[in-house]
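Reader: Please go through the labels used for this model and say what stands behind each one.

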Amino acid sequence: MNESLHLWLVPILPFLGFLLNGVLGARMPKKLVTAIGILAPLGSFLMVVNVTAASMISAAQTCAQCGASTASVSLPYVETFARPWINLGVWHVDFSLVLDQLSLVMLLVVTGVGFLIHIYSVGYMGHEEGYARFFSYLNLFLFFMTVLVLAGNVLLMFVGWEGVGLASYLLIGFYFDRTSAANAGKKAFIVNRIGDFGFLIGIFLLLTNFGTLTFGEISARFSAAPIHLVFENGTASLARGPALPNAAIITAICLCLLLGAAGKSAQLPLYVWLPDAMEGPTPVSALIHAATMVTAGVYLIARTHVLFDHAPVALAIVAIVGAATALFAATIALAQNDIKRVLAYSTISQLGYMFLACGVASYASGIFHLVTHAFFKALLFLAAGSVIHAMGGEQDMRRMGGLRNKLPVTFATMTIAVFTIAGFPPLAAFFSKDAILAAAFAHGPLGKLLWFVGLVTALLTSCYMFRLWYLTFLGEPRSKPSHNHSTPLSMLVPLVILAALSVCGGWIGIDRFSAFLAPVTSVTRRPAIHSTATPEIPLTLAAIAVAFLGWYIAHSFYARKSERAAQFAAAYPAAYKLVANKFYVDEIYGAVIVKPLFAFSKYVLGWVVDAAILGGAAWLLAGLASLVGAILQRWQSGNLRSYAAWLALGAAAVLLFVLFYGTGFSFATIVRH
Amino acid sequence: MTLLQHDVPLSWYLLLSAALFSLGVIGFLIKRNLITVFMSIELMLNAVNLSFVTFAREWNMVKGQIFVFFVMMVAAAEAAVGLAIIIAVFRARATLSVDRIDLMKL
């Protein structure tokens, strides 16, 4: 009944772009590279729009005709390739792509924002070395990200998951001749290994306990009643469905998945790679480390939420991790001076909000915030990129200031983004953040605490974003830019479009949005916590008040008397140092984990295992072989007559052997004839 | 036919063959001149041929005689190639002493 949508084209187009630009890019003219790099994501985006339209029209027809529809497409729409990927008899894994409401929303964000950032990159990377390499990596990222989103089973999702990690690594280390960039890439990859380890264990646990990796079949296991009626040969009997694994195992699976999600989405305690990832070019930070890849963890939790619904403990941990990360990262962001690092910590903090939303089983609001965050955070990064571009590579906010007049479009769009993230109505993040806070407040006593943390985070968010705004755009210029780049049109257009989305993105409202997502994300089992009535209007007013308060604080510190911030920092030197140094987390990890690991590798693995045991064994074998060789080579005199003598002796020896221990053949038998 | 068979016993032929073969082996081992070594090889081949025809005669089987033709053929080919090599060696090194042709070592 479903017509074919050719979903596979969505990932394949960017992959073709990757191949063309990756293999031939260096030999092609720049215009062709640009065309391929832009057209691949555009094609993908148009495919997604087409798919969206097809499903929307079908849905409308279904409504109009009340069930008896001629609908050609109904969600969830599954596209499975005829040949299984892994076939092990008992179970098999297919290349299956699933389109449902959740993946549709994600696809629109990934390809839409991705396309805009590709356009922006044309202007931003125009003068850089490795232009074709950059676009091929971006397309590769888009390929893996769409695979991740569309995957119909956990294993295929894991392929996409690892793939985006690879693309992220390649792009963080894009300027690989800079040691700091190469190290940041390695750090991102290694920290993600820890998370991926958890994810893999989760996959194994899923396979052993559920016997399937397909999302649909896992959900079906939960919805199937354990005992049900079976009608057979006219008699009714009770039958037991496949039993569910017990709660402890489900909790363990959820915690493993959470570890994976925390790695990819930069949550406590695995967030350390994201600030360093800002070594990559700014469009990369916008696309991968703000809008799309880092939200994969949230997507994973929303995708497997049936499991989390049955593991209240794991769900509570998700919420606590999210809230703690949100608050923790927001405090660090207050004292950073690198414009991109402020935004990086802000991203971590906002991802914490999404985890918080998932943790209170309000997946729709988490995804809602994911969408609006993709708009305004991509905008913030792109605007910051425009600032950095104009300042000739300067990223330190203390040397900026007064850019309001020089970069009017950037200033206008950045202002919209700042007001959006701070949560002013009626901009996008106001709605999504409000939805999360309301959902948290309704979630029992723990929820009240989470709500309070969320509110404090909102205050801090407003503070540090306005601090960034004042330091960058207002006041007097604090340094002479070395050389002025004018901002090309290809950079301005995405800014304007994203600004419009940041304004309007939330107007759909959480109610309609969660109704749209309901077939996928509606909670399958109510947690035991009783929902309390939510005083919605006071909550909203509190959120708005906090946004204004943050603005006021930033204004009084950075606009009126700019020396006040320094005085404040001087008044609490210990606290300031602690925050400015990011709570010394990197140093603590270095001392507790990295140094001992290095020592272990060097002394135990390097000296004892490698040098002594393996090296000794290899040396012993080689010595034995050369000793035997030294003895045997004396035989090879080169003297023909000595060879002949050995030959004759050998022949005689064989003859004697046959004579005395003969195998039934002897001269005696010959003579008898 | 029977006359021949019984006048000279089988063992005589074999002893002659063994003696010829031993002479060949000894010549091969102790002579220094490459051509003499080569002749020793021919001697060994013909000693074996003698054994073949003897047994063929003794058991009235033609296989041994056929084999002799093979051996002769190989010996002829070997003589052609071997003599060519010997000439080449002599041209290159101006000696035919086996002890001085000893490049085949490490």
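Author: The answers below set each value against its definition. This is a predicted model, in which local features need pLDDT of at least 70, side-chain atom pairs count only at pLDDT 80 or more, and totals for chains, interfaces and linings use all residues. Residues are numbered from 1 along each chain as its sequence is written, while chains are lettered from A and ligands numbered from 1 in the order in which they are written.

Reader: Why is A:Val33 called buried?

Author: A residue is buried if 20 or more other C-beta atoms, placed from the backbone, lie within 10 Å of its own, exposed if 12 or fewer, and partly exposed in between. A:Val33 has 24 C-beta neighbours inside 10 Å, so A:Val33 counts as buried. Its place is in helix H2 (residues 30-64) of chain A; helices are DSSP runs (H or I, at least four residues) and strands are runs of E (at least two), numbered from the N terminus.

Reader: What is A:Val33 in contact with, leaving aside its neighbours within four places in sequence?

Author: A:Val33 is in contact with A:Asn21, A:Gly25, A:Met28, A:Tyr131, A:Ala132 and A:Phe135. Contact requires C-beta atoms, placed from the backbone, within 7 Å.

Reader: What makes B:Asn46 partly exposed?

Author: B:Asn46 has 17 other C-beta atoms within 10 Å and is therefore partly exposed. B:Asn46 sits in helix H3 (residues 34-59) of chain B. Its C-alpha is 8.5 Å from that of B:Val71, 25 residues apart in sequence.

Reader: Why are H17(A) and H18(A) called roughly antiparallel?

Author: Axes are lines fitted to C-alpha atoms, for helices over the stretch in contact, and angles run from 0 to 180 degrees between N-to-C directions. Helix H17 (residues 428-441) and helix H18 (residues 444-473) of chain A pack at about 155 degrees, with their axes 7 Å apart. That makes H17(A) roughly antiparallel to H18(A), since angles under 35 degrees count as roughly parallel, over 145 as roughly antiparallel, 65 to 115 as roughly perpendicular and the rest as oblique. The residues of this contact divide into eight nonpolar, two polar and two charged. Nonpolar covers Ala, Val, Leu, Ile, Met, Phe, Trp, Tyr, Cys and Pro; charged covers Asp, Glu, Lys and Arg; the others, Gly among them, are polar.

Reader: What is the phi of A:Ala361, and is the residue buried or exposed?

Author: A:Ala361 has a positive phi of about 60 degrees although it is not a glycine. With 25 other C-beta atoms within 10 Å, A:Ala361 is buried. It lies in the loop between helix H14 (339-359) and helix H15 (363-390) of chain A.

Reader: What about A:Phe583, where phi is also positive?

Author: Phi of A:Phe583 is near 60 degrees, and the residue is not glycine. A:Phe583 has 13 other C-beta atoms within 10 Å, so A:Phe583 is partly exposed. Its loop runs between helix H23 (573-580) and helix H24 (585-632) of chain A.

Reader: How does the radius of gyration of chain B stand against a compact globule?

Author: The radius is taken over C-alpha atoms, and the globule rule is 2.2 Å times the number of residues to the power 0.38. For 106 residues a compact globule would come near 13 Å, but chain B has 18 Å. The C-alpha atoms of chain B fill a box of roughly 55 × 25 × 25 Å, taken along the principal axes. Buried residues make up 7% of chain B.

Note on methods:
Contact = placed C-beta atoms within 7 Å.
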